[in-house]
Amino acid sequence: MRNKWILAIGLAAMMSTVAEAKDITIVVNNNERVQRQELVEVNAADVYKSMGIKNGSQLIVKNSLGQPVNYQLTYDGKLLIDAAVRPCGSAVFTVSQGEPQKMKSFVTGRQYPERVDDIAWENDRTAYRLYGPALQRSGEKAYGIDVWLKNTPDLEVEKRYEVELANHHKIQELRKAGKDKEARQVEIETTYHFDHGYGLDCYKVGPSLGCGAPALMDQGRLVMPYSYKEYKILDNGPLRFTVELVYNPSVVGDNQQVVEHRLLSLDKGANFNKMVVWYDGLEKPCDLAAGVVIHEEDTQSLKFGRDYLAYADPTDAPANQNFQIYVAALFPDGADETKAIFNDEVKNGIAGHAVGIQKSLKSGQKYTYYFGSAWSKNDVRTFDEWILRINGFLDALHSPLEVAVK
């Protein structure tokens, strides 16, 4: 009997908690004369306080039609909602307490220890990877951020690694047996360096910044980062991926041991990653560069603005691929300088870098910029269209959607 009373009291308490929860309305206003489709952030603590429920409680978010929509609670206390808002219009969402339906994930990422500690991540537009301790131990010099092209909204990096690694040994064995033709056929059918209808990896990184990596400058020279030392994935979908990275010390100036930190995130629907970078150990201010590699096959397809740089990368085999990879670095607060830095001689196909420079960065000072990519066979067909995409993204950063909790 006593247990029944305890159970009844517990159920009553639960019902009371649910009854006390208040539905709230989130209104997203677009004051611009352009269509907006992007993630909006709401302080999750304010949402829970307005609803009268404890932080971390499960939520159901619905649009104005009453349909449940995807949301995400982030590591830094934000409620993310994917909002479409017409020009000079508003979108209204209702938030209530309850168990949400299973949500489709549009972003994901993880470390791949089976592939020399790569960290790879993707959204519904494209994918990226950076290199880890196992690669550094091998002696291979790949410093920057890689781009993996996609023309599907589906998450497929996991599958690419699985197929590539499953067939790598088979290809090697065929070659050892002198069966080069058979080995080549398996490679053509399985490698992620060829397009099988969903995209491929044909972006050359090597000893460069690749697409969007940062580097301190020492007397005008880029001090390349090597591989990360530690990482922590903070968000992993369904709408945002976030990873924090600590890099091995670099030597700058008079033998300064400097440690680089990165906080990197990618949202659903975005062509651009957000990068926050800072350095510990700087004894005096140092210039910071961030940008993209320029390959020898095309040193002319560049465009610079005060707050961005863009490049039409020719791929690892221009005559065979016959398409372009559009890359860019964006500096919403402006860069002190944007320019091309060409090498004295071409090595490993690297002619130089297009960079934005932030001068006199201090130890511990955080700097925020964006980097990203698109594919001429997918969502951005021409370089001119890429510039439009860049300007549209910057305009949106400068004129954010207005969000109100009611």
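Modeller: Setting aside neighbours within four places in sequence, S301 is in contact (heavy atoms within 4.5 Å) with A310, Y311, A312 and F383. This is a predicted model, where local features need pLDDT of at least 70 and side-chain atom pairs need 80 or more, while totals for chains, interfaces and linings use all residues. Numbering runs from 1 along each chain as its sequence is written, and side-chain values use heavy atoms, without hydrogens or water.

S301 sits in the loop between β18 (286-295) and β19 (302-305); strands are DSSP E runs of at least two residues, helices H or I runs of at least four.

Now the largest pocket (an open set of points on a 1 Å grid, with protein on both sides within 12 Å along at least five of seven lines; lining residues have an atom within 4 Å of a point). Its volume is about 1,300 Å³. The lining counts 43 residues, and E38, L39, D267, F393 and L397 lie nearest the centre. Helix α7 (383-398) is among the elements that each supply at least two lining residues, as are strands β2 (36-43) and β16 (256-267). The most comes from α7, with 7 residues. By class, the lining has 18 nonpolar, 9 polar and 16 charged residues.

The second largest pocket holds about 490 Å³. Of its 15 lining residues, R221, L222, M224, N343 and H353 are closest to the centre. Strand β22 (337-347) is one of its suppliers, giving the largest share, 6 residues.

Notes. 1 Å grid on protein atoms, 1.4 Å probe; cavity = no way out; pocket = protein on both sides within 12 Å on 5 of 7 lines; lining within 4 Å. Points joined across faces, edges and corners; volume = space filled by probe spheres on them. Nonpolar A, V, L, I, M, F, W, Y, C, P; charged D, E, K, R; others polar.
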